[in-house]
Amino acid sequence: MLNEGDLFAHAWDNFKYLNIYIPKYTGGEWSLFTAYAYYPSLSCVEDNIDGVFYSSIRWGFGAHSELEDGQEWSSVITHEVGHWLDLRHTFENGCSAPGDLVDDTPYTTGGSIEVEGCFNNDLSCEESTNGENYMDYNHDCKKMFTVGQVERMTAALHLPARSNLWSTENLIATGCASASASIEKEVENNILSVYPNPANSVVHFNLNAAPESIIVSNALGSIIQIDIDGSLIYTLDVADLPSGIYFYQVDFGSSSENGKFLVQ
Ligand SMILES: [Zn+2]
């Protein structure tokens with residue numbers, strides 16, 4: 001069995017990166033674990049032993065996966081990053097306060113991963129169970145966090161163990177943001193200029209060919225489609241958008257160009 005110490009020899013700077021380890025703990029046998037993660041801890045990060053750990057043989061499909069037909073546990077990584085951002089299981093403390101430390105997640109005695117179906121343990125604390133919650137153990141239909149959980153994760157991002165990861169300095173240092181005020185890219189015969197980056201009020205798209213579409217999305221997958229009117233200049237109002245990294249795709253018909261910018 002591989003131990004954590006072996007993994008940490010390969011750790012990237014915990015202040016700059018979220019480290020996700022995908023070890024195969026047992027040779028060809030069912031893994032002894034599925035996944036786990038550490039809550040935000042400054043000493044953990046200082047010691048460079050923070051991270052998310054996910055059994056490689058339960059990661060998606062493929063020749064080396066031991067997932068059974070129809071199983072799909074990719075949502076486990078979402079669950080683990082939830083822990084990494086300070087979320088507890090929805091069934092923490094069972095039916096008793098303080099539960100999972102989040103107000104809007106119903107109490108539940110929660111989950112065994114052997115219990116299948118979207119409504120497992122429903123009404124276990126005499127109220128409807130949020131069986132679709134990523135922090136339940138039900139792996140059949142995970143699809144949501146509550147508003148309260150998002151607030152707790154957002155607060156966690158400001159803890160000393162997490163706050164540097166998304167600082168402008170670190171995004172530039174790790175290549176996630178450009179240090180220059182604009183990104184200019186030569187794309188075959190098209191010049192695309194997207195600026196300013198980072199932005200806080202508007203982002204300009206200057207093109208030298210008329211696009212067929214410009215689509216902007218954020219890490220959560222929310223899509224903004226910019227209205228195309230045949231011109232070469234478009235401006236996106238970002239003043240009301242949540243801060244974070246946004247991805248754009250400009251489709252020119254015969255080619256397309258992708259990139260990203262930061263909203264502060
Ligand atoms: Zn968990």
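**Surface, zinc site and sheet**

Modeller: The protein exposes about 13,900 Å², and carbon and sulfur atoms supply 53% of that area; accessible areas come from the Shrake-Rupley method with a 1.4 Å probe, and for residues only the protein chains shown count as cover. This is a predicted model, in which local features need pLDDT of at least 70 and side-chain atom pairs count only at pLDDT 80 or more, while totals for chains, interfaces and linings use all residues. Residues are numbered from 1 along each chain as its sequence is written, and side-chain values use heavy atoms, with hydrogens and water left out.

Biologist: What percentage of the residues is buried?

Modeller: Buried means under 20% relative accessible area, exposed over 50%, and partly exposed in between (1.4 Å probe, protein chains only). Of the 264 residues in the protein, 42% are buried.

Biologist: Which residues are the protein donors of the zinc ion?

Modeller: Donors are N, O and S atoms within 2.8 Å of the metal (3.2 Å for Na, K and Ca); water is not among the atoms, so sites may look incomplete. Here the protein donors are H79 (NE2), H83 (NE2) and H89 (NE2), at 2.0 to 2.1 Å from the zinc ion. Their spacing in sequence is H-x3-H-x5-H. H79 belongs to helix α3 (residues 75-84) and H89 to the loop between α3 and α4 (147-156), so this pair ties together parts that are ten residues apart in sequence. H79 counts as buried because its relative accessibility is 3%, and H89 counts as buried at 15%.

Biologist: How many helices and strands does the protein have?

Modeller: Helices (H or I, at least four residues) and strands (E, at least two) are DSSP runs, numbered from the N terminus. The protein has five helices and eleven strands.

Biologist: What is the strand order of the open sheet of four strands?

Modeller: Strands of a sheet pair through backbone hydrogen bonds, either parallel or antiparallel. Two strands pair if DSSP finds at least two bridges between them. In this sheet the order is β8-β7-β10-β11, with antiparallel pairing. β8 (223-226) and β11 (256-263) stand at the edges with a single partner strand each, so one side of each is left without a neighbour in the sheet. Eight bridges join β10 (residues 244-251) to β11 in the antiparallel sense; the bridge partner of D251 is S256 in β11.
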